[in-house]
Amino acid sequence: MGDRSGRITFNEFQSLHQYITSMQNGFRACDKDNSGFLDSREVEQAVTTSGYTLTPQTFAALMQKFDRNRRGGLTLDGYIELCCFLGTSRNIFASYDTQRRGSVTFSFDQFIYVSNLMHA
């Protein structure tokens, strides 16, 4: 989104604001009881609705990573972090899945490189 200078242009700010607003709207749509908290079922539904198919083990690992307070769900901040992680992962994966088969093969070196990109 930016050039990593620590500064953003007005257009970048607008884009960021639109993204956060979109995330807030998605969060609110999934927060059925208006608690400001998505339980794990609501998070799983949001992930599935967004087009991601994850095994129960992968979903549990993501919840462990983003549910920092171990409450069994996510606040808006955790939800946004999860969405950013999934989007970045999807984009990196797509750049390697040139045949669009849904699977890729990595060497160990490539795996380390890609893993580093996802934590940038």
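This is a predicted model: local features need pLDDT of at least 70, side-chain atom pairs count only at pLDDT 80 or more; totals for chains, interfaces and linings use all residues.
**Helix 4 against helix 5**

On the helix 4 side I listed Phe85, Thr88, Ser89, Ile92 and Tyr96. These meet Gln110, Tyr113, Val114, Leu117 and Met118 of helix 5. I then sorted the residues of this contact by class and got seven nonpolar, three polar and no charged.

Next I looked up the geometry. Two packed helices are described by the angle between their axes and the distance between the axes. For helix 4 and helix 5 I noted axes that come within 10 Å and a crossing angle of roughly 145°. I recorded the crossing of helix 4 past helix 5 as right-handed.

**Second largest pocket**

I turned to the second largest pocket and wrote down a volume of about 320 Å³. Which residues line the second largest pocket? I found Ser89, Arg90, Ile92, Phe93, Ala94, Gly102, Phe106, Phe111, Val114, Ser115 and Met118. Ser89, Ile92, Val114 and Met118 are in this lining, and I had already noted these four in the contact of helix 4 with helix 5.

I checked which elements the lining comes from. Helix 4, residues 76–96, and helix 5, residues 108–118, each supply at least two residues. Helix 4 gives the most, with five. By class I counted seven nonpolar, three polar and one charged residues in the lining.

**Whole protein and confidence**

I stepped back to the fold. The protein has five helices and two strands, and I read their order from the N terminus as α-β-α-α-β-α-α. For the extent of the C-alpha trace along its principal axes I noted about 45 × 40 × 25 Å.

Last, I looked up confidence. The mean pLDDT of the protein is 87, and 95% of its residues reach 70 or more. Where is confidence lowest, and where is it highest? I found the lowest in helix 5, at a mean of 83, and the highest in strand 1, residues 38–39, at 93. Helix 5 is also one of the elements I had listed for the pocket lining.

Terms used:
Residues are numbered from 1 along each chain as its sequence is written. Side-chain values use heavy atoms; hydrogens and water are left out. On a 1 Å grid over the protein atoms alone, a cavity is a set of points where a 1.4 Å probe fits but cannot get out, and a pocket is an open set with protein on both sides within 12 Å along at least five of seven lines; lining residues have an atom within 4 Å of a point. Grid points are joined across faces, edges and corners, and a volume is the space filled by probe spheres set on the points. Ala, Val, Leu, Ile, Met, Phe, Trp, Tyr, Cys and Pro count as nonpolar, Asp, Glu, Lys and Arg as charged, and the others, Gly among them, as polar. pLDDT is the predictor's confidence in each residue, from 0 to 100. Axes are lines fitted to C-alpha atoms, for helices over the stretch in contact, and angles run from 0 to 180 degrees between N-to-C directions. A crossing is left-handed if the near helix is turned anticlockwise from the far one by less than a right angle, and right-handed if clockwise. Contact means heavy atoms within 4.5 Å.
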